[in-house]
Amino acid sequence: MGIDLLQGTLDLIVLKTLSWGPMHGFGIARWVQQTTGDVLQVEEGSLYPALYRMENRGWIKADWALTENGRRAKYYKLTAAGRKQLASELAAWAQMQRAIGRIVAAKPAKREPA
Amino acid sequence: MTGSNPDRTAAWRRYLRFWRANPGGDVRDELTFHLESAVEELVANGMPVDEARAEAARRFGDVTRIKSALYTLSEQRERRMARHEWWHTIVQDLTYALRQLRKAPAFTVVAIATLALGIGATTSIFSVAYTVIMKPLPYAHADRIYTYSQRNGKGSMCCLPYGNFYTWQREASDFESMAATSGSRAFTLTGYGDPTPIRTRLATASYWRTMFIPPVLGRYFRDDEDREGGPKVAVLSYALWQNRFGGRKDIVNRAITLNGQPYTVVGVAAPEYVMQKPAEILWVPLAAPAWRFNDFADHELSVYGLLKSGVTPEAARRQLETIDTRLAHEHPHHAYDGGVIPMGIADAIVGSQKQIVYMLFAAVALVLLIGCGNIANLLLARGNARKAEVAVRGALGATRGRIVTQLFIESVVLGVAGGVAGLAVAEAGIRFLVTSPAALPRLADTRLSAPALLFAIALSIGCAVVFGLVPAIRAARVDLQQTLRDGGRESKGAARARLQRGLVISELSIAMVLLIGAGLFIRSSMQLASVPLGFDTSNLLAFDIVLPPARYDSSAKLEAAFTQIEQNIAAIPGVRSIGQTNTAPVRGWGTDWTAFREGSNGHDERSTDANMRGVSTDFFKTIGLPLLRGRAFTAADGKNSARVAIVSRGLAQALYGDTDPIGKLISNGSPDKPQWMEIVGVAGDMHASGPAQEPPHELYMPSAQWVNGARTILVRGNASVQTLMPSIRRAVASVDPLLAIVGAQTMDETVQQQFAYPNFLRWLLTLLGGTGLVLAAVGAYGVMAYLVSQRTHELGVRIALGATTGDVRGMIVRQGVQLGALGVIVGGALAYATTHFAASMVYGITPRDPITFAVVAAVLLIVVAVAAYVPARRATRIDPLEALRAN
């Protein structure tokens, strides 16, 4: 079973992926799929509008380069602004995780006797 | 990540991207790569190709929708980048321009200084023009206020009789209000320092309603104060209040003494009411006496009307004319019906001064244009020197448009820098003009205002276009290969030389126009200065004495006091003779009134306007005015003797033609109540209103028979009259120590003051013309020097072949003079076509005065010859061998 991704989460995943180095769109899609063990099902096409939006915001930068097989592909890499964005999204993610973790672990409070 | 075999399409597209981004292609390539990679992966895992394609497409999602979303996103990006790039380019060009200008400091300083002077001068004259001509008048309904005069054959009569005015005011329904003011005479203010004459205007109470600006203090007159025998009230001008009364607020409702009588100050007028010097004036009610309502003869009042809104000036004029026609019918021997001329208040105030302002504006603009010509010349020369730089930029891929923009931005930077520096010049110029003797209404209010700033900005950029665009386009039209091969050295300069010659000819012709303008004014003032005034102004001293009516309450007392003063002064050693009059020529206007002979109705050919002068017996002798016929007045022409008069030659001619006027009767004032006087003499004409005006008609009466309490005393000395002043003061004080001597001045000084404004204009135009000439000469020199430098080789050959230095110099100077001659022809034609605008501003010459044209042409040719001679001499000094090696 796959899980549909939220828009904001997709940004975080792409930024995180690119933090290891430049990669083309297909590579990003494949890497996400492999890392998550096919749990997160990204509809591959929806990756691209996210990439373009992030490029417009100046978080990532695109350049054409040749792949190992000698084919032209558009490579994306993080900009300084993108690194900052990644850091703040990670922090937000951690906060959210803790909050959800507490909710999940919570036990019902004792009720006052009537 | 590197490969050896990039596919062709992409390479081709990459090439395209060099020119322009191709977002559509990029999106397609990217998605194609993705899908193909996915298919390859699936096939590698053992899936058949067809199935793999379907699977890859399924995983990808809706390709068409995503593609269109990506197009939109990339277009947004491209647009933002284009904007960014545009700014970046401008900033880059500006930086580059500044760097280039810093590298040529001499050029930059000369260009900016030229522009600063030109733009500054033009902006200051613009500020004057704006304030004097364009700025709306301060009155509440200025667009509906008109002044009215009566048509008089060819022109207009300035003023209207009381009868006409009051009938108009009563009956003309097209007007919200109508007002009248009468002349300006001096009232003597006492009690605040020395007795001082203050120019005073008589105004109807409606004057303040018709031309309303709220008072600074108190109020204006009321209708019940504007009647015969009404309370004596006065309104002070703002400057009078500030300067004489220290701006004290408690002046309102206090009494001040004018002509020995108490007047209550009711208010202080808004400063805007005074548009011309002197600013210290006051207003008192016109308070027309009853008999004036039936006076249809004496043209005395300036009339203003405020039209009701929606009434056309034309309709109002017809209404007034209808009334005039009826009045002429009712008073056939008096009222005049020649038509009414309305004039908008703005035109009436600025009047002929408009032309002077426009002329000055044209003059400074022309100087600026010559300056721009010089800068264009310098830029052309620089453009040549920078050929290599431009060629390299071109070779590196800059388009011609880009290079033109770049070079033009340098000009704009120059223009703006010149403009900013010009603002300081403009501010100084305005201060100078405001304190100058120029008699322009509202001149004192001139500021470097917002419109002037806008004007300066527009002018700066305009100048940049004028001097920068052509050199920039030319510089960018560089033959790349040729220039690079030459290593940037000059190849063919023929086209540039042609352009430079054209520029210099334009500069010279503009200078010609300017100089002819200045020349006309110089000639005109020479003509004016050579006009004999009709009397002798040398060693003639004049001053005013006013006997306060409170203490000198009878004509006998007045006459006795003046006689005593005259005798005391006559006894001073060095005084040759002394005369008295109510107003002296040139110093002040005469009292303009109607003079007529027997049988006249006051409007026919038996009557005419004339100045009335009451004069003492020695007046003619003292002032040096010749008596052409008959006799002067004598002591026998006393108060109780037969009434006698002397007429000027012009008045005699006007009323009696060629017949001898001696013994004829003449009268002044109203034909209803003639005061007949027998003419005993004819005096010469004199330019009593200044040399530029025709001599007015003069009617002289013995001061014993036409007694005035305020007189001008004229003293003729043997030598310098100014040294006599202390003795004269003592002589006057011995008669009455409280009397003030006012406005003591030699007649020569008074006449000089008359010339102050025309002299100032002449000086200013000469300055501008001279500046234009110098700039044009510098331009001519620059071009000649360039042309000579181009021909160093050829000149060397000529000299080597035996031409003398004289031959060579002559040849170069001749070429310079040819340029000058073209400039003279073009400029002369321009001047010939335009100077008639100055017809009303010059005196004694036509605006196409051949002498002026000839002298200016000669001056210009000589200057150009000199400008050509300097480089010619330098060129012929070079060793011929050196010159031959120059190429």
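How many bridges join strand 2 of chain A to strand 3 of chain A, and in which direction do the strands run? In this predicted model, 7 bridges join the two, and they run antiparallel.

Strand 2 and strand 3 of chain A make a hairpin, with 5 residues between them. In that turn, G70(A) has a positive phi of about 80°. Strand 3 of chain A also pairs with strand 1 of chain A (residues 23–24): 2 bridges join them, again in an antiparallel arrangement. Here is how the pairings look side by side:

| Strand paired with strand 3 of chain A | Bridges | Direction |
|---|---|---|
| Strand 1 of chain A | 2 bridges | antiparallel |
| Strand 2 of chain A | 7 bridges | antiparallel |

You can find residues that face each other across these strands. M23(A) stands opposite Y76(A) of strand 3, while K61(A) stands opposite K77(A) of strand 3. Strand 3 of chain A is mostly covered, with 6 of its 7 residues buried.

**Where chain A meets chain B**

Now for the contact between the chains: 21 residues of chain A touch 27 residues of chain B. On the chain A side, helix 2 (25–35), helix 3 (44–56), strand 2 (60–66) and strand 3 (72–78) each supply at least two residues. Helix 3 of chain A gives the largest share, 9 residues. Sorted by class, this side of chain A has 7 nonpolar, 6 polar and 8 charged residues.

**A look at chain B**

Chain B is divided into domain 1 (8–91), domain 2 (154–337), domain 3 (353–529 + 754–885) and domain 4 (548–738). Taken over C-alpha atoms, the centres of domain 1 and domain 2 of chain B are separated by 87 Å.

Methods: Residues are numbered from 1 along each chain as its sequence is written. Chains are lettered from A and ligands numbered from 1 in the order in which they are written. This is a predicted model: local features need pLDDT of at least 70, side-chain atom pairs count only at pLDDT 80 or more; totals for chains, interfaces and linings use all residues. Domain bounds come from an automatic or database domain assignment. Two residues are in contact if their C-beta atoms, placed from the backbone, lie within 7 Å. Helices (H or I, at least four residues) and strands (E, at least two) are DSSP runs, numbered from the N terminus. Ala, Val, Leu, Ile, Met, Phe, Trp, Tyr, Cys and Pro count as nonpolar, Asp, Glu, Lys and Arg as charged, and the others, Gly among them, as polar. A residue is buried if 20 or more other C-beta atoms lie within 10 Å of its own, exposed if 12 or fewer, and partly exposed in between; C-beta atoms are placed from the backbone. Two strands pair if DSSP finds at least two bridges between them.
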